[in-house]
Every structure is written in structure tokens, then in C-alpha cells.
Number of protein chains: 2
Amino acid sequence: MELIRIYQCLCDATRLRILHLLTQGPLCVCHFQAILGEPQVKVSKHLGYLKRHGLVEARREGNWRVYRLVRRATRELQANLACLQDCAREEPRFRRDLERLRRLRTNGDDPSLACCAKPTPAKAVAR
Amino acid sequence: MELIRIYQCLCDATRLRILHLLTQGPLCVCHFQAILGEPQVKVSKHLGYLKRHGLVEARREGNWRVYRLVRRATRELQANLACLQDCAREEPRFRRDLERLRRLRTNGDDPSLACCAKPTPAKAVAR
DNA sequence: GATAGATATTCCTCCGGGCGCATATGGCTG
DNA sequence: CAGCCATATGCGCCCGGAGGAATATCTATC
């Protein structure tokens with residue numbers, strides 16, 4: 001049952017936040033780290049999980065990897081992501097994530113492609 | 001995060017089928033057994049899980065227990081159950097469950113309250 | 001109050017997944 | 001090619017949850 005796989009992906013907080021962010025567009029790993037405030041291993045593993053389960057796909061972009069929601073998402077996935085977006089509107093945590101994403105995009109650079117390390121080579125990501 | 005709890009409940013096939021059935025109205029354990037074709041322990045445990053996690057509530061009805069979705073479901077829960085119902089429309093398994101439920105209700109007796117053992121005391125549930 | 005029926009609970013085993021540390025990989029740059 | 005950066009992977013630990021067999025609990029009935 002396809003649905004099960006989807007729900008299994010959704011039932012972890014970190015993955016939920018990742019997917020929620022991805023509904024706003026592709027993102028690279030370091031951005032996830034910055035926004036979620038989670039260690040690299042954790043982020044990377046959850047992205048791997050999502051990829052293995054077919055919710056997400058990745059491409060290389062020079063030195064980093066950009067993740068996005070799968071292009072041809074099933075109806076089920078689309079429905080559930082829409083539902084997630086809807087529910088997320090009221091959860092402070094999701095709102096903060098969105099806020100940070102927005103800040104990264106404006107303070108930083110180009111919306112989707114320009115990755116970290118471009119604006120501030122010294123300070124970089126505030127860990 | 002409330003959402004997580006919901007998704008944790010949704011990420012098992014048996015629970016998914018149970019919740020889906022419950023969107024059609026209250027049901028007692030033996031009906032679940034009959035419809036799902038799963039052993040009593042399994043059904044009972046998953047119902048317990050759903051109850052512990054606040055998606056479901058139960059009342060005694062003489063010798064048996066009738067389960068229902070929680071009365072005051074959160075917005076998140078409502079949204080996700082609606083989404084589930086929508087997705088379930090295309091999954092054969094869910095359709096079969098609904099079909100069996102319908103058959104139980106017509107062949108059997110009264111829609112919601114009348115429980116098993118009333119129609120056929122001899123054959124009972126075809127295990 | 002003994003018994004039967006419906007359901008819950010306990011005990012056990014097994015497995016997948018979450019986490020973190022350390023290390024590997026793969027591309028870029030000097 | 002050496003070294004750095006971003007990211008992935010392997011390993012070990014731990015925990016929760018799934019499944020099933022046996023048993024307990026609660027209710028109705030005689």
C-alpha cells in the first residue's frame with residue numbers, strides 16, 4: 001500500500017519539517033541544517049530515508065546536493081502534502097521554519113540555486 | 001507536535017484500515033475482526049494504540065466494546081481523516097473493507113448498535 | 001456463583017528506525 | 001595531487017512497536 005510508505009515518512013518530526021520546507025521549493029542540505037538547527041548527519045539521513053522511500057529526489061549542484069519533492073508525485077502524496085501544508089499553518093515550529101527560509105533567501109542570495117557560503121564566507125551558518 | 005502523533009497512528013496498515021472504517025461510523029471489535037480478517041489480539045491492540053494516542057474512544061455496550069472516532073477531533077485530525085478517505089477511494093483494499101462493512105450492515109441488522117451473534121448464532125464469523 | 005462470550009493485557013521475540021561518532025566519498029580549488 | 005568542503009555511509013546502541021500465544025478481565029446468563 002503506497003499510502004503506508006507516505007505516512008511512515010511523515011511520522012518523524014524532522015522529516016515532517018523537511019517535507020514542509022520542500023513544498024516551498026528545492027533546497028540543499030546546508031540550508032536544511034541552518035533552518036532546522038539539526039546536525040548534518042541527522043539531516044542527511046532523513047533526506048536519504050525520504051529518497052529511498054520515493055518522496056524526494058536529489059541532484060548534484062557542484063559541491064552540494066539539492067533536494068526536491070519528486071516530480072511526478074502520486075495523487076496520494078500530493079493530497080497529503082497539501083494537508084500537511086494546511087496543518088502546518090498553525091504550528092509555531094513550521095512557521096518559524098518558513099520564516100528562517102524566507103530570511104535565508106532574502107538575506108542570502110538567489111532564491112533556489114545560490115547556495116550557502118556565498119554571502120558571508122567568514123561567519124557562514126550560525127551554528 | 002500533535003501532527004506527529006496522528007501520522008504515527010496512520011503509518012500502520014491495520015490501523016489505517018481501522019480508522020478508515022471508523023469514518024463510516026462506530027464499530028465494535030468483532031466487526032473489525034470480521035471485516036479485516038485479522039486475529040482478535042491484533043485488532044484489540046491496534047484499537048488500544050489508537051485510543052492511547054487519542055484518535056479513538058470506546059464505550060461498553062453490554063458484552064462488547066464499541067469504538068468511534070473522538071468526538072472533538074482536532075482540525076489536524078479532521079483534515080487527515082478527510083485526506084485518508086479521499087485516498088482510500090482508489091485503494092482496492094479499502095474498497096473491499098467498505099464493501100464488507102456494507103454487507104455486515106444489511107445482512108446483519110441495525111446499522112450501528114446491533115452487534116454480532118444476533119443474526120447467525122451457529123455459523124457466526126466465518127474464520 | 002459457575003460458565004460462556006467478548007475483549008484486554010501480559011510476556012516474549014524480532015525488527016526497523018533514530019541518534020551520534022567516526023569515517024568515507026566525490027567534487028573543487030590552489 | 002593535496003587539501004578542503006559538502007554530504008553520505010557504516011557501526012553500535014537503544015527503544016518502541018508489531019505479532020502471537022496464553023491468560024486475565026468483565027459482563028451477561030442460567
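Of the 127 residues in chain A, 44% count as buried, where buried means under 20% relative accessible area, exposed means over 50%, and partly exposed lies in between (1.4 Å probe, protein chains only). This is a predicted model, in which local features need pLDDT of at least 70 and side-chain atom pairs count only at pLDDT 80 or more, while totals for chains, interfaces and linings use all residues. Residues are numbered from 1 along each chain as its sequence is written, chains are lettered from A and ligands numbered from 1 in the order in which they are written, and side-chain values use heavy atoms, with hydrogens and water left out.

## How chain A is built

Chain A has 6 helices and 3 strands. Reading from the N terminus, these elements follow the order α-α-β-α-α-β-β-α-α. Helices (H or I, at least four residues) and strands (E, at least two) are DSSP runs, numbered from the N terminus. Among the contacts in chain A with a separation of 6 or more, 62% are between residues 24 or more positions apart; contact here means heavy atoms within 4.5 Å.

For a look at one residue, turn to A58(B), which sits in strand β2 (residues 56–61) of chain B. A58(B) counts as partly exposed because its relative accessibility is 27%. Which residues does A58(B) contact, leaving aside its neighbours within four places in sequence? They are K51(B), R65(B), V66(B) and Y67(B). Between A58(B) and P26(B) there are 32 residues in sequence and 9.1 Å in space, C-alpha to C-alpha.

## Charged pairs

Side chains of opposite charge can pair when their charged atoms come close. A salt bridge is a side-chain nitrogen of Lys or Arg within 4 Å of a carboxyl oxygen of Asp or Glu. By this rule there are 23 salt bridges over all chains. Here are some of them:

| Salt bridge | N to O distance |
|---|---|
| R5(A) and E2(A) | 2.6 Å |
| D97(A) and R17(A) | 2.9 Å |
| R89(B) and D86(B) | 3.3 Å |
| D86(A) and R75(B) | 3.7 Å |

R5(A) and E2(A) share helix α1 (residues 2–10) of chain A, where they are 3 residues apart, about one turn of the helix. R5(A) is partly exposed, with a relative accessible area of 33%, and E2(A) is partly exposed at 21%.

The bridge between D97(A) and R17(A) links distant parts of the chain: D97(A) is in helix α6 (residues 92–108) of chain A and R17(A) in helix α2 (residues 13–22) of chain A, 80 residues apart. Are these two residues buried or exposed? Both D97(A) and R17(A) are buried. They also belong to a network of salt bridges that links R17(A), E38(A), K42(A) and D97(A).

In chain B, R89(B) pairs with D86(B). R89(B) counts as exposed, with a relative accessibility of 54%, whereas D86(B) counts as partly exposed at 24%.

## Where the two chains meet

In chain A, 23 residues are in contact with 23 residues of chain B. The area buried between chain A and chain B is about 2100 Å², and carbon and sulfur atoms give 67% of this area. Buried area is the accessible area (1.4 Å probe) that two parts lose on being put together, summed over both. M1(A), Y7(A) and R75(A) supply 29% of the area that chain A buries against chain B, more than any other three residues.

Between chain A and chain B the count is 4 salt bridges, including the one that joins D86(A) to R75(B). On the side of chain A that touches chain B, α1, α2, α5 (75–88) and α6 of chain A each supply at least two residues. The largest share, 8 residues, comes from α5(A). By class, this side of chain A has 13 nonpolar, 2 polar and 8 charged residues. Here Ala, Val, Leu, Ile, Met, Phe, Trp, Tyr, Cys and Pro count as nonpolar, Asp, Glu, Lys and Arg as charged, and the others, Gly among them, as polar.

## How the copies are related

A rotation of 180° with 0.0 Å of shift along its axis superposes chain A on chain B, with an RMSD of 0.0 Å. The two copies are thus related as by a two-fold rotation axis. Copies are superposed by least squares on the C-alpha atoms of residues with pLDDT of at least 70 in both. Which residue of chain A comes closest to the rotation axis? That is Y7(A), at 2.9 Å (C-alpha).
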